[in-house]
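Visitor: I would like to learn how the features of a model such as this one are read. Could you take me through them one at a time?

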Amino acid sequence: MKKLFLLSAAALLISTGAFAQSTVVTTTGTGHAAVQIEPQYRTKIKSYITEHRVRPVTTKEKIVVGAAVPSDVELEAVPAEWGPSLTKYRYVYSGDRVMLVDPGSRTVVQEID
């Protein structure tokens with residue numbers, strides 16, 4: 001019954017064009033959200049970082065998807081130009097990577113390199 005419900009929900013999403021949005025958020029079996037970002041938005045994000053000369057943060061530990069960002073690292077607001085579905089997240093620029101962060105849990109949900 002559960003599988004039937006999930007298949008029906010997936011079919012409904014496909015038929016309504018929900019996959020034409022800028023991102024898709026899914027929850028993995030571990031409870032972490034995974035954010036898929038379309039290539040044109042990845043390009044916008046990389047351009048923003050370069051044009052605004054965003055300074056990377058330095059941390060003792062590497063910031064990775066699924067891990068919490070240390071509390072002493074300031075999370076930046078996601079600009080609206082990155083896509084409306086991403087504005088609920090914050091970001092950290094570390095090295096050559098932009099990390100999207102869930103502000104409630106401070107968990108990294110996506111890496112944009």
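Visitor: In what order do the four strands of the open sheet lie, and with what pairing?

Guide: Strands of a sheet pair through backbone hydrogen bonds, in either a parallel or an antiparallel sense. Here the four strands form an open sheet in the order S3-S4-S5-S6, with antiparallel pairing, and the edge strands are S3 (76-77) and S6 (107-112), each of which pairs on one side only. Two strands count as paired if DSSP finds at least two bridges between them, while the elements themselves are DSSP runs numbered from the N terminus, helices being H or I of at least four residues and strands E of at least two. This is a predicted model, in which local features need pLDDT of at least 70 and side-chain atom pairs count only at pLDDT 80 or more, whereas totals for chains, interfaces and linings use all residues. Residues are numbered from 1 along each chain as its sequence is written, and side-chain values use heavy atoms, with hydrogens and water left out.

Visitor: Which residues of the two hairpins take a positive phi?

Guide: In the hairpin of S4 and S5, which has two residues between the strands, Gly95 takes a positive phi near 70°. The hairpin of S5 and S6 has four residues between its strands, and there Arg106 takes a positive phi near 60°.

Visitor: Which helix packs on the sheet, and at what angle to S6?

Guide: Helix H2 (residues 39-51) packs on the sheet, touching strand S4 (90-94), S5 and S6, and its direction makes about 95° with that of S6. Contact means heavy atoms within 4.5 Å; axes are lines fitted to C-alpha atoms, for helices over the stretch in contact, and angles run from 0 to 180 degrees between N-to-C directions.

Visitor: Which residues of H2 are buried, and which are exposed on the other side?

Guide: A residue is called buried under 20% relative accessible area, exposed over 50%, and partly exposed in between, using a 1.4 Å probe and protein chains only. The buried residues of H2 are Tyr41, Ile45, Tyr48 and Ile49. They cover an arc of only 95° around the axis, which puts them on the same side of H2, where the arc is that of the directions from the helix axis to the C-beta atoms. On the other side of H2, Pro39, Thr50 and Glu51 are exposed.

Visitor: Where is Trp82 found, and with which residues is it in contact?

Guide: Trp82 is found in the loop between S3 and S4, and it counts as buried because its relative accessibility is 0%. Leaving aside its neighbours within four places in sequence, Trp82 is in contact with Tyr41, Lys44, Ile45, Tyr48, Ile49, Tyr91, Val98 and Leu100. The C-alpha atoms of Trp82 and Gln40 are separated by 9.5 Å, although these residues are 42 residues apart along the chain.

Visitor: Is Val98 buried or exposed, and what does it touch?

Guide: Val98, which lies in strand S5, is buried, with a relative accessible area of 4%. Not counting residues up to four places away in sequence, Val98 touches Ile45, Ile49, Trp82, Tyr91, Val92, Tyr93, Gln110, Glu111 and Ile112.

Visitor: How many residues of S4 and of S6 are buried?

Guide: Four of the five residues of S4 are buried, so this strand is largely enclosed by the rest of the structure. Ser94 lies in strand S4 and counts as buried at 9% relative accessibility; not counting residues up to four places away in sequence, Ser94 touches Pro56, Val57 and Ile63. S6 is mostly covered, with five of its six residues buried.
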